[in-house]
Amino acid sequence: PLESPETHVDLVGMLCVVWGGLTILIGASTLGLGLAAASLITAAADAGRGRFAASLTAATFTAFAVLAILWGAGHVMVGVQVRRRRHWARMGAILLSCVDLLLLPYGTALGVYALWILLRDEARPLFD
């Protein structure tokens with residue numbers, strides 16, 4: 001049994017918020033790269049070559065940036081609600097943690113810890 005399931009659940013919520021914040025920062029910096037690549041489209045058109053490559057690069061960076069920002073915002077939202085013990089937040093954190101397992105190494109660590117805490121019998125009554 002866990003010594004203090006409340007403490008562990010609070011920590012899972014806080015780690016989700018921190019992970020989400022860092023992911024949003026990564027998304028914002030990637031968006032900056034996408035905007036920089038977009039500015040190269042005009043320069044490539046003037047030079048007569050590389051327009052397709054610049055367009056593809058800008059679109060790829062922008063798509064990854066939007067995905068990262070949304071993923072991070074989801075973690076922040078769920079992490080806050082886990083700390084508030086909302087009944088749906090446990091399942092939301094479990095779903096996010098399953099995908100986080102694929103994000104080596106820190107996402108895997110967060111995913112394993114969150115699943116270990118949130119799937120235990122001691123944590124379930126906290127969300128009823």
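In these legends, a residue is called buried when its relative accessible area is under 20%, exposed when that area is over 50%, and partly exposed in between. The structure is a predicted model.

View 1. Helix α2 has 33 residues, which at 1.5 Å a residue should span 48 Å. Its end C-alpha atoms sit 48 Å apart in the model, which agrees with that expectation. Along α2, the buried residues are A54, A58, A65, A68, G72, G74, H75, V78, G79, Q81 and V82. An α-helix has 3.6 residues a turn, so residues three or four places apart point the same way.

**View 2. The largest nonpolar core.** This core is made up of 17 residues, and the ones touching the most other members are V9, V12, V82, L118 and F127. The largest share, five residues, comes from α4.

**View 3. A closer look at F127.** Who does F127 touch, leaving aside its neighbours within four places in sequence? Its contacts are V9, V82, R85, R86, H87, R90 and L118. Of these, V9, V82 and L118 are also listed, along with F127, among the core residues that touch the most other members.

View 4. R85 follows α2 and belongs to the loop between α2 and α3. Its phi is positive, about 65°, although R85 is not a glycine. Most residues other than glycine have a negative phi. The side chain of R85 also meets that of D10 in a salt bridge, with 2.8 Å from N to O. The pair ties together distant parts of the chain, since D10 is in helix α1 and the two residues are 75 residues apart. Is D10 buried, partly exposed or exposed? It counts as partly exposed, because its relative accessibility is 26%.

View 5. How many salt bridges turn up in a search of the whole structure? The search finds three, and two of them are shown here. In one, R120 pairs with E122, with the closest N and O atoms 3.5 Å apart. R120 is partly exposed at 23% relative accessible area, and E122 is partly exposed too, at 28%. In the other, the side chains of D121 and R124 meet at 2.9 Å, N to O. D121 counts as exposed at 58% relative accessibility, whereas R124 is partly exposed at 39%. Side chains of opposite charge can pair when their charged atoms come close.

**View 6. A nonpolar patch on the surface.** L11, M14, L15, V18, L22 and L25 make up this patch, and together they have about 520 Å² of accessible area. One of them, L25, is found in helix α1. L25 is exposed because its relative accessible area is 59%.

**View 7. A cis peptide bond at L104–P105.** L104 and P105 are joined by a cis peptide bond, with omega at about -15°. P105 lies in the loop between α3 and α4. Most peptide bonds are trans.

Conventions:
Residues are numbered from 1 along each chain as its sequence is written. This is a predicted model: local features need pLDDT of at least 70, side-chain atom pairs count only at pLDDT 80 or more; totals for chains, interfaces and linings use all residues. Side-chain values use heavy atoms; hydrogens and water are left out. A nonpolar core is a set of buried Ala, Val, Leu, Ile, Met, Phe, Trp, Tyr and Cys residues joined through side-chain atoms within 4.5 Å. Buried means under 20% relative accessible area, exposed over 50%, partly exposed in between (1.4 Å probe, protein chains only). Helices (H or I, at least four residues) and strands (E, at least two) are DSSP runs, numbered from the N terminus. Contact means heavy atoms within 4.5 Å. Patches are made of residues with over 30% relative accessible area and no salt bridge: like charges are joined within 9 Å, nonpolar side chains (Val, Leu, Ile, Met, Phe, Trp, Tyr) within 5 Å. Accessible areas come from the Shrake-Rupley method with a 1.4 Å probe; for residues, only the protein chains shown count as cover. A salt bridge is a side-chain nitrogen of Lys or Arg within 4 Å of a carboxyl oxygen of Asp or Glu. The expected span of a helix is 1.5 Å times one less than its number of residues.
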